[in-house]
Amino acid sequence: MSTRAPAVEARQLIKTYPGDVTALNGMDLTVGAGTVFGLLGPNGAGKSTTVKILTTLARPDSGAASVAGHDVLHHPDRVRRAIGVVAQKSGADPVATGRENLLLQGRLYGMRGAAVQRRADELLDRFDLADAGKRQVKGYSGGMQRRLDVALGLVHRPEVLFLDEPTTGLDPEARTAMWDEIARLAGDEGLTIVLTTHYLEEADRLAERIAIVDRGRIVVEGTPDELKGELRGDAVHMELRTDADRAAVTAALTGLPGVYEVLAEGRRVSVRAEDGAAAVPVLLGALDRAGAAVAAATVARPSLDDVYLRYAGRRFSEAEAADAQQIPATVAAGGTR
Amino acid sequence: MSSHVIAQTWYMTQRQLMAIIRQPVFLAISLVQPVIWLFLFGNLFKKVVELGGFGTTSYLDYLIPGIVVMSALGSSMWAGMGTLEEIERGTLNRFLTTPVSRNALMNANVVQNGISTAVQSVIIVLLGWAAGATYPGGAGGLLILLVASILLGTVFGALSNALGMLVRRRESIIGINTFLLLPLTFLSSSFMAPSQMPSWMRQIAEFNPVNWAMVAGRSALTAQPDWGLVLSRGGALLALAVVAVWLSTRTFRSYQKSV
């Protein structure tokens, strides 16, 4: 795999929308061929804008990008032939049948005659839509419609498939089914998948490499394990019986062997520990001596949420809420470094 | 135009026609409406031919070209709603990420609108014939009426599409259409012979493209068509249609930039 040229390369993409909304602020991205790459970030972080530029829909104010070896600005037509796009909005024609949608899509890529018919049937089978294929799309469930969207993106056997928020709006069952589907796609020979999501779990589960996007640029990139591995040890979260003095709690825990990154807030105390299980009795003892009684303690392996907190300087859920209101979040990076 | 643009134009046209056929309510309304107009206005104004200047003694003969053109206007001016829906649903963006020719996307709107207008016009002409209307101009005259109504439909279809892409609000299209429909219709010779109209109205009607289509079609349908009138009004319609399509293509480009 490493001998192949990158499937996607973007350098210093900048995109501003009217009203001085900076969507991309120096986006750099490299996606290896044949991999599943996840762009993870809250709504409004710039994921969709990145996808729009890479799929030739939008033009950046500055910067350069290539997909499947073709420059998106100078040879958009070559890029379009090489990519499949599953956008956030379905885009399937509701009054046409699933099969008709697939046939038209294939024809737009120049597929003709029996070949396009065969391909449509093959995809309907593969995505469990063989019966539904004869019915109008407006009667489809959310999950069926999403599967059809993915099938539409695959008609012409693209080299690179873009999946923009593929499971947003799906119920949990349909989401799990879609995850299985994407995991199977990843096994397809040579297919590169660029996935955007604001679900941590989704990125963790599907992507081989993840880039965390925040405010129009990438803050950190790596495999899920690498990212989580950089947060040494486990997270230990403790709930105190009463509000405690922040300084006293911090002082009591800081410097304990194998314990670092102490974060106390109200009744919540979080630390990182080399070995979470072994640290719990030590932590409880120290808090007890400091006069803070503990109601509950949990040990957790680091999650992508922790990674996000560390690199974006805010919790994922806070970022979602803040960006949804278009308020620049200024949440302090409370002791994560 | 290369062969693949023509093929793609046809695929996209087919898709749009299919969508119309599969929405029976929409289809029914666009066919029942001209029938109601024919019936209502045919009866309401039956006696006005006695005033003279209509070039015929049967008001129905006079009315048919008017209804054909009115219906072309009435159905084409909503084209922007469909375009707006395609934008909102993400369908247009889906097509834009494929190698489909951008021209084919725009052409399909024009071709589909032309076919729909033609079918609607033919149905009205046949209904009129069944109700006893005569067409002294014969097949040639009917063809010219058909072309005039298609050109008018192209003008308003293209403008409506441009509006849809530009304002992206249903309310704006509805507002502008309801504002325009009646003045465009009544400031024309649809129901009343020009010689019976107040002179200021007649003057305004001279600049109304809806009237151009009616004048050209109506003249072509008489036993002795005034070819000068047919060609000048038809030519003006053609020129306007070219401008409207050019404008909607420009708007389409600006839409692509705004994505």
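## Terms and basis of the model

Helices (H or I, at least four residues) and strands (E, at least two) are DSSP runs, numbered from the N terminus. By this convention, Arg119(A) is found in helix H4 of chain A.

The structure is a predicted model, in which local features need pLDDT of at least 70, side-chain atom pairs count only at pLDDT 80 or more, and totals for chains, interfaces and linings use all residues. Residues are numbered from 1 along each chain as its sequence is written, while chains are lettered from A and ligands numbered from 1 in the order in which they are written.

## Chain A as a whole

Chain A has twelve helices and 14 strands. Its C-alpha trace spans about 80 × 45 × 40 Å along the principal axes. Of the 337 residues in chain A, 44% are buried; a residue is buried if 20 or more other C-beta atoms lie within 10 Å of its own, exposed if 12 or fewer, and partly exposed in between, with C-beta atoms placed from the backbone. Two residues are in contact if their C-beta atoms, placed from the backbone, lie within 7 Å. Among the contacts in chain A with a separation of 6 or more, 68% join residues 24 or more positions apart.

Confidence is expressed as pLDDT, the predictor's confidence in each residue, from 0 to 100. The mean pLDDT of chain A is 87, and 92% of its residues reach 70 or more. Over residues 324–337 of chain A, however, the pLDDT is below 50, although this stretch has 16 contacts in the model beyond near neighbours in sequence. Where pLDDT is low, the predicted coordinates should not be read in detail.

Helix H5 (residues 142–154) of chain A has 13 residues, which at 1.5 Å a residue should span 18 Å; its end C-alpha atoms are 19 Å apart, which agrees. The expected span of a helix is 1.5 Å times one less than its number of residues. H5(A) is largely enclosed by the rest of the structure, because eleven of its 13 residues are buried. Among them are Arg146(A), Arg147(A) and Asp149(A), together with Leu148(A) and Val150(A). The buried residues of H5(A) pack against strand E6 (83–86), helix H3 (98–108), helix H4 (113–126), strand E7 (160–164) and helix H6 (172–186) of chain A.

Arg119(A) touches Gly106(A), Met111(A) and Val155(A), not counting residues up to four places away in sequence. Arg119(A) and Leu103(A) are 16 residues apart in sequence, and their C-alpha atoms are 8.4 Å apart in space.

## Selected residues of chain A

Most residues other than glycine have a negative phi. Asp128(A), in the loop between H4 and H5 of chain A, has a positive phi near 60° and is partly exposed, with 13 other C-beta atoms within 10 Å. Glu261(A), in strand E12 (residues 259–265) of chain A, has a positive phi near 50°. With 19 C-beta neighbours inside 10 Å, Glu261(A) counts as partly exposed.

Asp305(A) is placed in helix H11 (residues 304–312) of chain A and is partly exposed, with 16 other C-beta atoms within 10 Å. The C-alpha atoms of Asp305(A) and Lys228(A) are separated by 9.4 Å, the two residues being 77 residues apart along the chain.

## Helix packing in chain B

Helix H2 (residues 24–44) and helix H6 (residues 102–130) of chain B pack at an angle of about 35°, with their axes 10 Å apart. Axes are lines fitted to C-alpha atoms, for helices over the stretch in contact, and angles run from 0 to 180 degrees between N-to-C directions. Residues of H2(B) including Leu31(B), Pro34(B) and Leu38(B) meet residues of H6(B) including Ile123(B), Ile124(B) and Leu127(B). The residues of this contact divide into seven nonpolar, three polar and no charged. Ala, Val, Leu, Ile, Met, Phe, Trp, Tyr, Cys and Pro count as nonpolar, Asp, Glu, Lys and Arg as charged, and the others, Gly among them, as polar.

Helix H10 (residues 209–221) of chain B is mostly covered, with 13 of its 13 residues buried. The axes of H10(B) and helix H11 (residues 227–258) of chain B come within 8 Å and cross at roughly 140°. The residues of the contact of H10(B) with H11(B) divide into eleven nonpolar, two polar and one charged.

## Contact between the chains

In the model, 19 residues of chain B are in contact with 22 residues of chain A. On the side of chain B that touches chain A, helix H1 (3–21) and helix H5 (91–96) of chain B are the elements that give two or more residues. The largest share of this side, six residues, comes from H1(B).
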